[in-house]
Amino acid sequence: MSTHYYFSWFNHFFPEKLVHCLHEDIQDRKSLVMISADPSGYTEEPINFDDISEWTWLNQANIIFDEYHFIDYRMQKEDAQRFIQNASVIFLCGGYPVLQKDFLADYELSDVIKNSDAVILGASAGALNMSAQWLSLNDTGHEVETSTIYEGIGFDHFAYESHSKRGYATFVQGYLFPLSEEIDVYAAEQESAIRVKDGKIETMGPLYLISRSKIQKLVETL
């Protein structure tokens, strides 16, 4: 059973206690594979890892790999699958969760990722797509927002919500309550993380568990 990390977003770098956990869990550092959440949004310029926030978090934490691969539509499907199969760590990046979900489907990557023994990391959109289910709110410009529930890769049996502009004040208004009647929802503010290791869920930072329309703030356990 691989280890999974669900990150909200970190504005600067990983907190020290999270760095300690990652160093403990990431022993094999041969290959890091990062999967874009804006897979068509590239320019003609080659990828510069210094421009990828998620890469800088790892780099600042002194988690360095022999090889780095960034997967988007520029890479052939077969190469993307092969790199994922051989990865030490797979990082689903932040960005646009629906675009990433569609890309995972187009390149038939979800099962390849799920069958990997790599440590799996996801930030924001990537964490949504790691979870069993997630909710997409579409702002229609009116008071009522329409919502769509998407199926994620489903590493762990819970739904995840991470949005930089939302926090407890928004979560408590109840837009996640209908989903929470079907499955537990972990709702994350910025600067938070969930680690699932050997089936055990541990948390860091401002996180809320919403279950059957009841919301509680979680005590940090990482």
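Which residues are buried in helix 2? I'll start there. This is a predicted model, in which local features need pLDDT of at least 70 and side-chain atom pairs count only at pLDDT 80 or more, while totals for chains, interfaces and linings use all residues. Residues are numbered from 1 along each chain as its sequence is written, and side-chain values use heavy atoms, with hydrogens and water left out.

Two terms come up throughout. Helices (H or I, at least four residues) and strands (E, at least two) are DSSP runs, numbered from the N terminus. Buried means under 20% relative accessible area, exposed means over 50%, and partly exposed is in between, with a 1.4 Å probe and protein chains only.

Now the answer. In helix 2, the buried residues are Glu54, Trp55, Trp57 and Leu58. Seen down the axis of helix 2, they fall within an arc of 155°, so they line one face of the helix; the arc is that of the directions from the helix axis to the C-beta atoms. These buried residues pack against strand 2 (31-37), strand 3, strand 4 (89-95) and strand 5 (119-123). Just after helix 2, Asn62 has a positive phi of about 60°.

Next, Ile63, which sits in the loop between helix 2 (53-60) and strand 3 (67-71). Ile63 counts as buried because its relative accessibility is 1%. Leaving aside residues up to four places away in sequence, Ile63 touches Leu22, His23, Ile26, Arg29, Leu58 and Tyr68, where contact means heavy atoms within 4.5 Å. Ile63 and Gln27 are 36 residues apart in sequence, and 9.6 Å apart in space, C-alpha to C-alpha.

On to salt bridges. A salt bridge is a side-chain nitrogen of Lys or Arg within 4 Å of a carboxyl oxygen of Asp or Glu, and the structure holds 11 of them.

One of them joins Glu220 to Lys17, with the closest N and O atoms 2.6 Å apart. This pair links distant parts of the chain: Glu220 is in the segment after strand 13, Lys17 is in helix 1 (residues 16-25), and they are 203 residues apart. Glu220 counts as partly exposed at 39% relative accessibility, and Lys17 is partly exposed at 40%.

Another is between the side chains of Arg195 and Asp25, at 2.8 Å, N to O. Here too the pair links distant parts of the chain, with Arg195 in strand 10 (residues 193-197) and Asp25 in helix 1, 170 residues apart. Arg195 and Asp25 are both buried.

Arg82 is partly exposed at 40% relative accessibility, and so is Asp79, at 29%. Some salt bridges share partners: Glu24, Asp25, Arg195, Lys197, Lys200 and Glu202 are joined this way into one network.

Last, a hairpin. How many bridges join strand 12 to strand 13? There are 4, between residues 207-211 and residues 214-217, and the strands run antiparallel; two strands pair if DSSP finds at least two bridges between them. Ile210 has Ile215 in strand 13 as its bridge partner. The hairpin has 2 residues between its strands, and Arg212 in the turn has a positive phi of about 50°.
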